[in-house]
Amino acid sequence: MRIFSGIQPTGRKHLGNYIGAIRQYVAGQRRAQEAGDLAIYSIVDLHATTVSYDPAELRERCLDTTALLLAAGLDPELCILFRQGDVPEHTELTWLLCSVTAHGDLNRMHQFKEKSDSQRELVSAGLFLYPVLQAADVLAYRADEVPVGEDQRQHVELMRDIAERFNARFGDGQQILTVPAHRIPEVGARIMDLQHPERKMSTTGGSDEGTVYVLDEPEAIRKKLSRAVTDSGTEIVRSLEKPGVTNLIDILAASRDVEPAQVEEEMAQARGYGDLKAAVADAVVEMLEPVQARYAELRGDEAALEDVLAAGAERAREIAGPTVADVRAVMGVGPPPAR
Ligand code: AQP
């Protein structure tokens, strides 16, 4: 069972990224190893160039994200951690896969619609092709599983279609590319903005007060949670009519790694929403404090972070290179493969 996932080096990582993705990465590296395979994680700097960005800041954010992933528990001995731009096979495979990607499918991607609406100067072709690059990321490693949050479901469906179409068109009966499955956590797949619980917590589309950042000071975390939007009732249960309370229950359950039903049971004794908010704040602070401390230790040594990325890229290329060679060969691109 091979795992692949990518994370953007944009902005500050928030609780949704942490619960929906980063924590799953950490669990995945052990699961993959126990299954005799690999977990591969990429900091996707090329994806970050599809919207307006600052080059110097991009470099900094890559190192921030590397330090954060290591602080959260990724271990370069157990997984491959690398920067996407260090492995040119991703861009080559993107172009090759374009031949089996329907323009109409790309047009239907929700993320493209949302992100293109927010671009003031230029809606880049890169933003449109973003899901093909994402497909190349995963397919280059013949990954079986892609841990992501709920918001990425449509993109994973598309990469499955691309792999199936590629195999049907060029495979001559063989599975040249592996068709991956998504792995969306049961609790925490969609952490919502604390101020607008009908919207997901988000790097670009959220409110600052409604977004808990992984590196927020404990006091800031407590303040944001104490001001979280709830509703006029008093019952602490999950329901469609109570998106704010449901979100808080989900965050508490995910932070403590228990079922939401257990939180509801425990909170039946609570005096009101204030108790729930305080319990969530305690659990989130307790979960993030060790990550913050470790991040502070790691972030200062940029040479060490670059070393981790360089070693990861070398190992990544050993896997992605042969896949791209196989794809070129069956597509009739370049010289005939050596026998
Ligand atoms: N609110 C969320 N709840 C659960 N999971 C989430 N993810 C993102 N938001 C939530 C998951 O985090 C992973 C990393 O996503 P990314 O690298 O694409 O990060 P990003 O784009 O910087 O973060 P956002 O917040 O998702 O940015 P916007 O909203 O600006 O596009 C993914 O697995 C994602 O599912």
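## Ground rules

Since this is a predicted model, local features need pLDDT of at least 70 and side-chain atom pairs count only at pLDDT 80 or more, while totals for chains, interfaces and linings use all residues. Residues are numbered from 1 along each chain as its sequence is written, and side-chain values use heavy atoms, with hydrogens and water left out.

On the contact itself (heavy atoms within 4.5 Å), domain 1 puts in 10 residues and domain 2 puts in 12 residues.

## What gets buried

Together the domains bury about 1000 Å², and 75% of that is on carbon and sulfur atoms. Buried area here is the accessible area (1.4 Å probe) that two parts lose on being put together, summed over both. On the domain 1 side, Leu15, Ala71 and Val187 lose the most area to domain 2, together 45% of what that side buries.

How many salt bridges cross the interface of domain 1 and domain 2? The rule (a side-chain nitrogen of Lys or Arg within 4 Å of a carboxyl oxygen of Asp or Glu) finds zero.

As for the side of domain 1 that touches domain 2, its residues divide into eight nonpolar, no polar and two charged. In this scheme Ala, Val, Leu, Ile, Met, Phe, Trp, Tyr, Cys and Pro are nonpolar, Asp, Glu, Lys and Arg are charged, and the others, Gly among them, are polar.
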